[in-house]
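Hi,

Here is the structure I promised to pass on.

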Amino acid sequence: MARSPLAGRLLLLSGESGSGKTHCAKAVREWIRAAGGSVKFIRRVNHVESLSCVFWHWPALLDTLKNGGWDVVEDMMETPCLIIDELGGGHDPSAVGTDKLCQILSRRERRWTLVTTNIVQSAWEEKFDRRVASRFFRNSTHVDLSDVPDFSLHAA
Ligand SMILES: Nc1ncnc2c1ncn2[C@@H]1O[C@H](COP(=O)(O)OP(=O)(O)OP(=O)(O)O)[C@@H](O)[C@H]1O
Ligand SMILES: [Mg+2]
């Protein structure tokens with residue numbers, strides 16, 4: 001990300017509760033906060049930007065969208081790094097989240113995006129619908145954490 005902030009890909013972490021997905025997602029956010037200011041790039045003429053990220057907990061994003069907070073979507077499309085934690089959590093009966101996710105992933109196909117989910121790969125198409133599942137395989141890397149033990153239960 002530091003070497004090529006504008007030539008990114010999708011990183012998808014999937015695994016059970018307690019496997020450290022949120023821990024990793026927050027660590028990436030912290031790294032960007034600490035180091036992103038020194039990573040400069042130019043996307044538009046006469047406009048120098050530095051590396052920053054937008055972090056959303058998916059259930060909270062669904063609530064925001066349900067309450068009409070559509071302005072957050074543009075930020076999600078434009079940010080150098082988008083982090084979505086716990087995708088598939090929360091309730092989305094009207095599929096408003098799925099529709100927006102589809103648009104966001106389309107726009108971000110060559111950008112840095114980190115998604116975490118508890119949903120196993122075999123259930124993606126059923127849970128997220130085919131358009132989203134298809135985009136998960138475009139310019140992406142998947143990390144399957146399903147064999148990772150629960151850190152919380154382990155520590156208890
Ligand atoms: N590599 C790690 N080193 C130390 N502690 C960790 C590590 N990974 C996770 N933990 C701790 O284990 C607990 C569970 O991790 P985390 O919340 O990231 O799991 P998760 O995969 O996001 O679970 P869920 O699917 O329920 O959201 C947290 O308290 C976290 O701080
Ligand atoms: Mg989590």
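Before the notes, one convention: a residue is called buried under 20% relative accessible area, exposed over 50%, and partly exposed in between, with a 1.4 Å probe and protein chains only as cover. At 65% relative accessibility, L153 therefore counts as exposed.

Some housekeeping. This is a predicted model, so local features need pLDDT of at least 70 and side-chain atom pairs count only at pLDDT 80 or more, while totals for chains, interfaces and linings use all residues. Residues are numbered from 1 along each chain as its sequence is written, chains are lettered from A and ligands numbered from 1 in the order in which they are written, and side-chain values use heavy atoms, with hydrogens and water left out.

Back to L153, which lies in helix α7 (helices are DSSP runs of H or I with at least four residues, strands are runs of E with at least two, both numbered from the N terminus). The C-alpha atoms of L153 and G18 are 7.8 Å apart, although 135 residues separate the two along the chain.

G18 brings us to ligand 1. The residues around it are E16, S17, G18, S19, G20, K21, T22, H23, E86, N118, F151 and S152, where being near means having a heavy atom within 4 Å. By class, this shell holds 1 nonpolar, 8 polar and 3 charged residues (Ala, Val, Leu, Ile, Met, Phe, Trp, Tyr, Cys and Pro count as nonpolar, Asp, Glu, Lys and Arg as charged, and the others, Gly among them, as polar).

Which residues make polar contacts (N or O atom pairs within 3.5 Å) with ligand 1? S17 has a polar side-chain atom 2.6 Å from an oxygen atom of ligand 1. From the backbone, an N or O atom of G20 sits 3.1 Å from a ligand 1 oxygen, and a polar atom of H23 is 2.7 Å from one. Taken alone, ligand 1 exposes 630 Å², and the protein buries 60% of that (Shrake-Rupley areas, 1.4 Å probe).

I used a 1 Å grid over the protein atoms alone: a cavity is a set of points where a 1.4 Å probe fits but cannot get out, a pocket is an open set with protein on both sides within 12 Å along at least five of seven lines, and lining residues have an atom within 4 Å of a point. A volume is the space filled by probe spheres set on the points.

The largest pocket has a volume of about 160 Å³. Its lining includes W58, L62, H91, D92, K127 and F128, and α2 (58–66), α4 (96–107) and α5 (124–128) each give two or more residues. The lining divides into 5 nonpolar, 5 polar and 2 charged residues.

How many cavities of 30 Å³ or more does the whole structure have? The search finds 1. The largest cavity has a volume of about 70 Å³ and is lined by L10, L105, R108, E109, T113, R135 and R138: 2 nonpolar, 1 polar and 4 charged.

D129, in the loop between α5 and α6 (130–135), is not a glycine but has a positive phi of about 85°. D129 is partly exposed, at 23% relative accessible area. N139, in the loop between α6 and β7 (140–144), is not a glycine either and has a positive phi of about 50°.

Cheers

Key:
Polar contact = N/O pair within 3.5 Å; in protein donor to acceptor, adjacent residues only side chain to side chain.
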